[in-house]
Structures are given as C-alpha cells and as structure tokens.
Amino acid sequence: MAKKKPTKAQLRKVKQRRSMFLAILAVFVLGLALVVLMQFRAEEKPKPYTQDIPEQFVSIYQAAAKEYGIDWFLLAAVHRVETKFSTVEPMISGVGAIGPMQFMPCTFVGWSAEGCPATGGVGDFSDDDLVDPSVIKAYGGYGVDANHDGKADPWNLEDAVFSTANFLADNGAKVGKEKQAVFKYNHSDIYVRDIMFYRDQFKKAWNKDIASK
C-alpha cells in the first residue's frame, strides 16, 4: 500500500520542529563553548609585558627590599602590574589610587584620618598633608620619605617603592607570607596570581642572566 504524501501543514510542522531543535542545539553548543573559554581564561597565565626589569629601577627595588626584609622581585612585580613600570598615564585609577605603585591616599597617609572610610580610601587631604611625614606618622600610614627630601610622595618612585615595601613587610611578606601581603595590597585573587607570576618570572630570568655571565 502506497504511503500517503504528507500535507503542507504537516511539512510545515516538521520544519518548525527541526528549526526549534537546531536553535536549541545552537544555544547549547554556544553555552558549552563559553564555559570552556571561561575555564581556559581562568587557567591561562598572564602574558608578560616585558621579560626585563628596567635597569634604572633595580637599585630602588633592592634598597627598599633590603630595608624591609622582603624579596625585591616582589616590588618589581607590583610596579609591573600596577603601572607597567610607570608607563601608564595618567597614574590615577578609577577608584582613586595614585602614583607608580597605585596607593590609595588613605593607605599612604593613614586610615585613621578623618573622612577616609567615608570616601573609600581617597580621603580629603591637602597637597601638603598628603606628603607630610609628620601627618603620615600621626595617622599611621605607610608613606615613606625614602629620598630624604622632607616629603613622602606617592608620586615619587623611590618614596612609592619604599612605601610599598613597608606595607608588604608589615602585612606578612617579611615573614614569608607574601600572598597574604599582596592580597592586602589589592583584595583580588587574580591580582595575587599575577604578582606572584611576574615575581617568579623576573627572578628566574634574572638568575639565569647572572649565571650566564
């Protein structure tokens, strides 16, 4: 017995079901691809900006690290991640962090200063108070006058690097708790990962270069 030819209505329904199935399949495949991509991005290592630490900064990192008993490669890594070795302009973040090492003004001067909690760390400092060592001492900040010019300036690289070393040492880096200290500097697991990646990369490249000489 010959089969009945499907009607146009039946064919239309078949096409509609097929289109719906293909649409659902496409959404599923796209979703799966996004999950795989996100997983890959989460596991991928940050790409280096440069293999080399700018030579003119090395002595500053080393002096600050020696003063506070921490790894100088850690300071190089913070400088790299924060402002790509001071090449990012302007060096003011969207939340108000300033200078080559991206200090929040209240962290630099001291969170006990009036207005700090209310402004999220930006504070309401005059230009003079921001760099005054006596004001910083009074409020318990981390700012350091490293070059002994009478100012602890978050915009001056030497002062900023020593201030970062002061912060990291005080928050655990001096006793080997580097990840804890870095997390205190910027509350982000990704930030910690990036800092430790560059610290290790710089140290490996530096030691390899020293060994080859």
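Helix axes here are lines fitted to C-alpha atoms over the stretch in contact, with angles running from 0 to 180 degrees between N-to-C directions. Keep that in mind for the helix pair below. What you have is a predicted model, where local features need pLDDT of at least 70, side-chain atom pairs count only at pLDDT 80 or more, and totals for chains, interfaces and linings use all residues. Residues are numbered from 1 along each chain as its sequence is written, and side-chain values use heavy atoms, with hydrogens and water left out.

**The overall picture**

The protein has 9 helices and 0 strands; helices (H or I, at least four residues) and strands (E, at least two) are DSSP runs, numbered from the N terminus. Of its 213 residues, 39% are buried. Buried means under 20% relative accessible area, exposed means over 50%, and partly exposed is in between, using a 1.4 Å probe and protein chains only. Take the contacts (heavy atoms within 4.5 Å) with a separation of 6 or more: 53% of them join residues 24 or more positions apart.

**Helix α7 and its partner α2**

How do α2 and α7 meet? The axes of α2 (residues 55–68) and α7 come within 9 Å and cross at roughly 35 degrees. On the α2 side, the contact residues include Phe 57, Ile 60 and Tyr 61, and on the α7 side they include Val 161, Phe 162 and Ala 165. Sorted by class, this contact has 11 nonpolar, 1 polar and 2 charged residues. For that count, Ala, Val, Leu, Ile, Met, Phe, Trp, Tyr, Cys and Pro are nonpolar, Asp, Glu, Lys and Arg are charged, and the others, Gly among them, are polar.

Ser 163 also sits in α7 (residues 157–170). Is Ser 163 buried or exposed? Its relative accessibility is 0%, so Ser 163 counts as buried. Leaving aside residues up to four places away in sequence, Ser 163 touches Phe 103, Phe 108, Tyr 142, Gly 143 and Val 144.

**Helix α8**

In α8 (residues 178–185), the buried residues are Glu 178, Ala 181, Val 182 and Tyr 185. Seen down the axis of α8, they fall within an arc of 95 degrees, so they line one face of the helix. That arc is taken from the directions between the helix axis and the C-beta atoms. An α-helix has 3.6 residues a turn, so residues three or four places apart point the same way. The cover over the buried residues of α8 includes α3 (72–83), α7 and α9 (189–212).

The whole structure holds 12 aromatic pairs. Rings of Phe, Tyr and Trp (its six-membered ring) pair if their centres lie within 6.5 Å; planes under 30 degrees apart are stacked, over 60 edge-to-face, and the rest tilted. Here are two of them.

| Pair | Centre to centre | Angle between planes | Type |
|---|---|---|---|
| Phe 85 and Phe 202 | 6.0 Å | 40 degrees | tilted |
| Phe 197 and Tyr 198 | 5.2 Å | 80 degrees | edge-to-face |

Phe 85 lies in the loop between α3 and α4 (105–109), while Phe 202 is in α9, 117 residues apart. Both Phe 85 and Phe 202 are buried. Tyr 198 is buried too, with a relative accessible area of 3%. Elsewhere, Phe 57, Tyr 61, Trp 72, Phe 73 and Trp 206 form one aromatic cluster.

Asp 200 is also part of α9. At 40% relative accessibility, Asp 200 counts as partly exposed. The C-alpha atoms of Asp 200 and Ala 77 are separated by 8.8 Å, although the two are 123 residues apart along the chain.
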